[in-house]
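Thank you all for coming; I would like to take a few minutes to walk through one model, beginning with the annotated positions and ending with a sheet. Please have a look at it first.

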Amino acid sequence: MQEAIKIEIKQLPHGQDLPLPRYATAQSAGMDLYAAIENDLILEPLTRLLVPSGIMIAIPNGFEGQIRPRSGMAINHGITVLNSPGTIDSDYRGEIKVCLINLSDQQYKIKRKDRIAQIVITSVTKIDWNPSEQFTISTTNRNADGFGSSGN
């Protein structure tokens, strides 16, 4: 089993009574984020809202946070994370907020403590580009064929 990394977290005043992000099961990849709102929000059809989570975190260098939709909200209500996955860089120190969009034709009510998204912490591999005039690209079965070219 992989050793867990330690990440500092701060609950902001408007998130003090909310649970810290946590894994739902031992094998979960993502941890739930909660709505740190005082009053219910109504997410109208085809509109978006930035919903605060009430936490700040210090992601170590070499890692990132990814904000992902909750599958139940997506399939049952048409609610998803607009910039999915949203990236939290290791040098960001502000409150984590989630940009939700309602892709359904009905209003959706967001209440305090609702689980609104998941956060996944993952490692990042840095690269150095190697510009070359002599670059010869190898061929593959796919080559330059794009969208939908690998099958249905």
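Before the annotation itself, a word on terms: UniProt positions are given here in the numbering of this model, the feature names are shortened, and annotations may be inferred rather than shown by experiment. This is a predicted model, in which local features need pLDDT of at least 70 and side-chain atom pairs count only at pLDDT 80 or more, while totals for chains, interfaces and linings use all residues. Residues are numbered from 1 along each chain as its sequence is written, and side-chain values use heavy atoms, with hydrogens and water left out.

In an unreviewed entry, UniProt lists R70, S71, G72, N83, T87, I88 and D89 under "binding site". These positions span 20 residues of sequence and are spread in space as well, up to 26.4 Å between C-alpha atoms.

Let me take two of them. R70 lies in the loop between β5 (63–68) and α1 (71–77), where helices (H or I, at least four residues) and strands (E, at least two) are DSSP runs numbered from the N terminus. R70 counts as buried because its relative accessibility is 17%, the cut-offs being under 20% for buried, over 50% for exposed and partly exposed in between, with a 1.4 Å probe and protein chains only. Leaving aside residues up to four places away in sequence, R70 touches D32, R115, I116, A117 and Q118, contact meaning heavy atoms within 4.5 Å. D89, by contrast, sits in the loop between β7 and β8 (95–102) and is partly exposed, at 45% relative accessible area.

Finally, the sheet: 4 strands form an open, antiparallel sheet in the order β2-β10-β5-β7, two strands being paired if DSSP finds at least two bridges between them. β2 (31–34) and β7 (86–88) stand at the edges with a single partner strand each, so one side of each has no neighbour in the sheet. β2 pairs with β10 (residues 115–123) over 4 bridges, and R115 in β10 is the bridge partner of Y34.
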